[in-house]
Amino acid sequence: MFPNPSGLLRVEPHAQGLRDRVWWGAGSNAATVWAAEKGMNLQSSTLKNDEGGLPFHVQQANQIRAFREA
């Protein structure tokens, strides 16, 4: 067995610029902020969880706003 190095491992084989091309399908506002903090792009869809009972388009706009702020 090989010891696991500390920290994040990169995807192998290495693809230059891959991090800039990763999109995260966030179903919640918390996952949206997490994706932004990790430097991923946001993919929003109709799979967005209902968080507050607002109309879907308002929740999706709030999700995009939270991503941009994070």
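A: The largest pocket has a volume of about 380 Å³. Among its 13 lining residues, L9, R10, V11, L18 and R19 are the closest to its centre. This is a predicted model, in which local features need pLDDT of at least 70 and side-chain atom pairs pLDDT 80 or more, while totals for chains, interfaces and linings use all residues. Residues are numbered from 1 along each chain, and side-chain values use heavy atoms, without hydrogens and water.

Q: Why is helix 2 called roughly parallel to helix 3?

A: The axes of helix 2 (residues 29-37) and helix 3 (residues 56-69) come within 8 Å and cross at roughly 30 degrees. Angles under 35 degrees count as roughly parallel, so helix 2 is roughly parallel to helix 3.

Q: What makes the contact of helix 2 with helix 3?

A: Contact means heavy atoms within 4.5 Å. N29, T32, V33, A35 and A36 of helix 2 make the contact with Q63, A66 and F67 of helix 3.

Note on methods:
On a 1 Å grid over the protein atoms alone, a cavity is a set of points where a 1.4 Å probe fits but cannot get out, and a pocket is an open set with protein on both sides within 12 Å along at least five of seven lines; lining residues have an atom within 4 Å of a point. Grid points are joined across faces, edges and corners, and a volume is the space filled by probe spheres set on the points. Axes are lines fitted to C-alpha atoms, for helices over the stretch in contact, and angles run from 0 to 180 degrees between N-to-C directions. Helices (H or I, at least four residues) and strands (E, at least two) are DSSP runs, numbered from the N terminus. Angles under 35 degrees count as roughly parallel, over 145 as roughly antiparallel, 65 to 115 as roughly perpendicular and the rest as oblique.
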